[in-house]
Amino acid sequence: MNCTGHLMSGNTAVSQLSNGQVIPLVQERMPLYLAAGGTLEVWLESRAIDRHRPNSRILKKVLRLTDSSDVAAVLRAHAATITDDYWIQLEGEELTYQQVQFQEDTFAEIALTGNFSSYSREYEKDQIRKGSPELTNIGSYEKCWRIEDGRWWLYKSGSPLERFSELFIAGLGKQLGFSMADYLPSGEFVKTPDFTEGRYNYEPAEAVVGDEEDYSFNYDRLTALHPSLGRAYLDILYMDALCFNMDRHTKNYGILRSRSDGEIVAMAPNFDNNIALISRGYGKDPRESNGMLMDLFVELLEERKLAYRPPALEEAAVRELARLTLPQEDIDRDYVAAMILERGQRLKHKIGQLSIGPQSFSGPQF
């Protein structure tokens, strides 16, 4: 691809770009994927709004994007996102990060709902020319970024069962002492604040492991990057096994890095649990849910000789959380509680059968 200029982190040029080639300048502050030799085009495409979202197509029409490619969409926003401070300064441009940073949520309603009135609205030429954080808002669900009291919040659509699952799992993880993203209900949507708080760079695990989802491979790569990441990864896998999260992939968990020096800060809080628990409906018996994720988790512990102490599940707390989550929706809360408590017991039993040694750890690792 023909892209010449600089890859920036804030106001610091961390790479020179020459016809799409990436030449490191400050390697320790580069995105992990590019620092490891990845290509600029693939990195840009990984930041693009999902072209298969209906509202994505509407948004691109409103923004007068005649080139509908992923790279064109990302470059309209200078490749900037809400969750990190990386951006592209093309040759000849004289911009600062403060000029590129998103300050408005003008196109949020289009991205989230495709609302006809938003589509028909007259926009200023400057608003259209600036682009939008929605152009680099990845994921397959309709969503948007909104500013509330000076802070960015991600809104996401979903069915009542999906929204319940997201909210319940976030609350349960916090009960158990894990690092979880905050989620709140908002009408027909859920919303979560930007967990980078404008202070960290979020890097998806994909930057380190590609699209490889094998637990052992991911654990090894994360531990090699920073020992505490492997331990935090186990906590995510435990919650996935407990809550039957079928949709954990390398784009929806990741790492927080310092914006000033690129150092690893922590695993990002656990997020994106809407395709879990009861999101796809109820089984015949909550005590007989699929055990594959449990088996994969326990196999990792056994294979890598990792001791893990599951946190204690309190029945009263689980039932109360189920009762308080989306109380206006028709949810079988007894089913949810029974499913979680039974899966917790199954996991505890499977882990207890392992003979690995005295070391044990669980809960927050940072």
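This is a predicted model: local features need pLDDT of at least 70, side-chain atom pairs count only at pLDDT 80 or more; totals for chains, interfaces and linings use all residues.
**The protein as a whole**

The protein contains 15 helices and 11 strands. Its radius of gyration is 21 Å, close to the 21 Å that the globule rule gives for 366 residues, so the protein is as compact as a globular protein of that length. Among the contacts with a separation of 6 or more, 69% are made by residues 24 or more positions apart.

**Strand β1 and its two partners**

Strand β1 covers residues 5–9, and four of its five residues are buried, so β1 is largely enclosed by the rest of the structure. Strands of a sheet pair through backbone hydrogen bonds, either parallel or antiparallel. β1 runs antiparallel to β2 (residues 12–18), to which it is joined by five bridges, and in this pairing Leu7 stands opposite Ser15 of β2. The two strands form a hairpin with two residues between them, where Gly10 takes a positive phi near 65°. β1 is also joined by five bridges to β4 (residues 86–90), again in the antiparallel sense, and here Gly5 has Leu90 of β4 as its bridge partner.

Thr81 lies in the loop between α4 (70–76) and β4. Is Thr81 buried or exposed? Its relative accessible area is 9%, and because residues under 20% count as buried, Thr81 is a buried residue. The side chain of Thr81 reaches the backbone nitrogen of Thr83 at 3.3 Å, and it also makes a polar contact with the side chain of Asp84 at 3.2 Å. If residues up to four places away in sequence are not counted, Thr81 touches Arg47, Tyr86, Phe102 and Thr136.

**An open sheet of four strands**

Four strands form an open sheet in the order β5-β6-β8-β7, with antiparallel pairing. β5 (143–148) and β7 (184–186) stand at the edges with a single partner strand each, so one side of each is left without a neighbour in the sheet. Neighbouring strands of this sheet are turned by 35° against each other on average, when direction is ignored. Between β5 and β6 (residues 151–157) the antiparallel pairing extends over six bridges, and Trp145 has Leu154 in β6 as its bridge partner. Helix α9, made of residues 160–175, lies across β6, β7 and β8 (189–193), and runs at about 30° to β8.

**Arg199, between β8 and β9**

Arg199 is placed in the loop between β8 and β9 (200–204). With a relative accessibility of 48%, Arg199 counts as partly exposed. The side chain of Arg199 makes a polar contact with the side chain of Glu197 at 2.9 Å. By contrast, Ser157 is 42 residues away from Arg199 along the chain, and the C-alpha atoms of these two residues are separated by 27 Å.

**Strand β10 and its two partners**

Strand β10 consists of residues 254–258, and five of its five residues are buried, so β10 is largely enclosed by the rest of the structure. β10 and β11 form a hairpin with five residues between them, and Gly262 in the turn has a positive phi of about 80°.

| Strand pair | Sense | Bridges |
|---|---|---|
| β1 and β2 | antiparallel | five |
| β1 and β4 | antiparallel | five |
| β5 and β6 | antiparallel | six |

Methods: Residues are numbered from 1 along each chain as its sequence is written. Side-chain values use heavy atoms; hydrogens and water are left out. Two strands pair if DSSP finds at least two bridges between them. Axes are lines fitted to C-alpha atoms, for helices over the stretch in contact, and angles run from 0 to 180 degrees between N-to-C directions. Contact means heavy atoms within 4.5 Å. Buried means under 20% relative accessible area, exposed over 50%, partly exposed in between (1.4 Å probe, protein chains only). The radius of gyration is taken over C-alpha atoms; the globule rule is 2.2 Å times the number of residues to the power 0.38. A polar contact is a pair of N or O atoms within 3.5 Å; within protein, one must be able to donate a hydrogen and the other to accept it, and residues adjacent in sequence count only if both atoms are side-chain atoms.
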